[in-house]
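These are my notebook entries on a structure that I went through element by element.

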Amino acid sequence: MDNRPDLSPTLTDERRFQLLVSGISDYAIYMLTPEGIIASWNAGAERFKGYKADEIIGHHFSRFYTEEDRASGLPARALKIALEEGKFEAEGWRVRKDGTRFWTSIVIDPLYDETGRHAGFAKITRDVTERKLAQEALRDSEERFRMLVQGVTDYALYMLTPTGEVSNWNLGAERIKGYAAEEVLGQHFSRFHTPEDQAAGLPAVALKTAAEVGRFEREGWRVRKDGSRFWAHVVIDAIYNDDGSLAGFAKITRDITEKKKAEEALAQANAALFQSQKMEAIGQLTGGVAHDFNNLLSVIGSGLEVLPLNMQDPGSLKIVESMRRAVDRGATLTQQLLSFARQQPLKAEKHNLNNVITGFEAVLRRAGNSAIAFEFGLAPDVRPVLVDAPRFETALLNLIVNARDAMPKGGRLSVTSSNVRLAAQQVNGLDAGEYVRVAVSDTGTGMTPDVVARAFEPFFTTKEVGKGTGLGLSQVYGFITQSGGGIEVQSVIGAGTTISLYLPAMEETPDEACSEPRVEDTDADKALLVDDEPDVLDMAAALFRTIGYEVFTANNGHDALDILTRHKDISVLFSDIMMPDGMTGVDLAQQARKMRPDLKILLASGYPLPALKARNAAIDEFTVMNKPFKLAELAKKLRLG
């Protein structure tokens, strides 16, 4: 039997419409009276709501609403709005016959008869529960994702538009970068890059790379709101729409500054360990070679002591003497090697390094030249140390000679002392604690990092052939390390070098005095000699020593005044008159007399006395000697005062 509707031409249009509506099962389509009573029912209404036509026709349509909506008057309000505005459209929960709920999309239209009288309402309902659940699931997922992203504070997670503007912001981004969301939304992400990276176009390169290959990853410096920098690990992923077009970028930034610092500290520790192990190995090898070489020199030296006893030929005696000098130089070399290898016994005593330096100052100054300004900056309260003073003086002299050689055209050389507190490994190999630092600084040529790394290796030198053994700094390194201290080099090409020696500080006790500075003859008178010509200065110093003076030297007036200030026991000032540093010998003599009225002052010059008086009449106040002068003449002038 054929149950399909009869659509023969004999059916009226009204009948065809009734058959069409009753056959629709995806929509509930039914009629309401003006009061809201159900007047018709279709298959879709029966499927959605669960009522058959005879069960529901004649009942008010409000029975499909939830109790909450009925209590709020929503059914009556829906009819009122439809009548007044021509349509009521909404979504909401409705109730089936079995009590279950479903989400509906509802349209209510008012109906009018041929006379324009209100005849009721047409109501169309569609079950959109699946769409509603899908939307809610999507919203829940988005909310969970938003909560997840916002809850992450160790990472900056945010989105960028295809052109790089910030489109959202999480708490991690605010914590790491310092910007609140309202301060940065809509701003280009390049503001987080350093000026150098911005100038190099790195932000654009990052987006271009991410767009082309799907991902950009790198580490580098980034800038916070307050201008401070942090080391960041950055990942940028491209985000695409369903149609494959670029929707923007997801950017993840992590602050790994502490990780970078830890890696750098580990690398420095490993480098220091490697350097220490290398120097220890070289030291062991050097010590063994030096001992064996010393034994050979002992045999040769003993033989050279005996040979002259059986020789009468003067020429042979000269040859033996030359051989002896070679043996002496070889012995000196072995002592330097043993010093580096830390196999040379130390005679450590308690000393104030200021006293040691001051007592050795005259020698240190002679190691310089007239083109170098010598400065001493010794802190007045340095703590005592346990050190072999003669070996310390030798180490300091080595540093002075190296500094001098680094300034062939002149410059400034300074020796400073100070108390310092070091953290563990702040200076390679040293524990945390109190130390005394003695630094020798120059304004010379400086060293490259590669040269600094090898500076303490035996026989390594950058000097010309014949101008250095390469053992000076090795000897300093061995001595300081053997003394329980450390050494540090800071150097900049073209700006100069500072080499710092660190020795462990001792506790100062009131009843324990430090060893006094060593001087060759504590009873000798002391003389300060000033001349800008090194050869002349050395010769004058030799003459003064010949007649029993302990000698201090300076190559300019300013250094001379500094020495006079620190050495109150100098009794004689002997100065050249014409000096190029702006302070003549007469100027120096006048200032020295104001400081020390009892000071004996002699001036010397190669110019005739009348010419000197024409330049400065004050010269008559002082005794003047003509260059060149003889030892007897000098001794006579000193006796006469």
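Entry, helix on sheet. I looked up H15 and found that this helix lies across E10, E12, E13 and strand E15 (496–504), at about 35° to E13. Helices (H or I, at least four residues) and strands (E, at least two) are DSSP runs, numbered from the N terminus. Axes are lines fitted to C-alpha atoms, for helices over the stretch in contact, and angles run from 0 to 180 degrees between N-to-C directions; contact means heavy atoms within 4.5 Å.

Entry, ground rules. The model is predicted, and I kept in mind that local features need pLDDT of at least 70 and side-chain atom pairs count only at pLDDT 80 or more, while totals for chains, interfaces and linings use all residues. Residues are numbered from 1 along each chain as its sequence is written, and side-chain values use heavy atoms, with hydrogens and water left out.

Entry, the sheet. I traced an open sheet of five strands with mixed pairing, in the order E10-E12-E13-E15-E14; two strands pair if DSSP finds at least two bridges between them. Strand E10 (372–378) and strand E14 (486–492) are at the edges with a single partner strand each, so one side of each has no neighbour in the sheet. On average, neighbouring strands of this sheet are turned by 15° against each other, direction ignored. E12 and E13 run antiparallel and are joined by ten bridges, and I noted serine 418 opposite arginine 437 in E13.

I then followed the chain into the loop between strand E12 (411–422) and strand E13 (433–442), where glutamine 425 lies. Its phi is near 65°, a positive value in a residue other than glycine.

Entry, the cores. The largest nonpolar core has 39 residues, and Phe392, Leu413 and Val415 have the most contacts inside it. Such a core is a set of buried Ala, Val, Leu, Ile, Met, Phe, Trp, Tyr and Cys residues joined through side-chain atoms within 4.5 Å. Helix H15 (residues 389–405) gives the most to this core, with seven residues. Not counting residues up to four places away in sequence, valine 415 touches several residues, including Phe374, Phe376, Ile400 and Val438. I also recorded another core, apart from the one above, which has 26 residues, among them Val586 and Leu612.

Entry, aromatic rings. I found 14 aromatic pairs in the structure; rings of Phe, Tyr and Trp (its six-membered ring) pair if their centres lie within 6.5 Å, with planes under 30 degrees apart counted as stacked, over 60 as edge-to-face and the rest as tilted. Tyrosine 158 and phenylalanine 192 form an edge-to-face pair, with 6.1 Å centre to centre and 75° between the planes. Tyrosine 158 is in strand E5 (residues 155–160) and phenylalanine 192 in the loop between helix H8 (181–184) and helix H9 (195–199), 34 residues apart. Both are buried, tyrosine 158 with a relative accessible area of 2%. I also noted that the C-alpha atoms of tyrosine 158 and isoleucine 252, 94 residues apart along the chain, are separated by 6.8 Å.

Definitions and conventions. Buried < 20%, exposed > 50% of the residue type's maximum accessible area, 1.4 Å probe, protein only.
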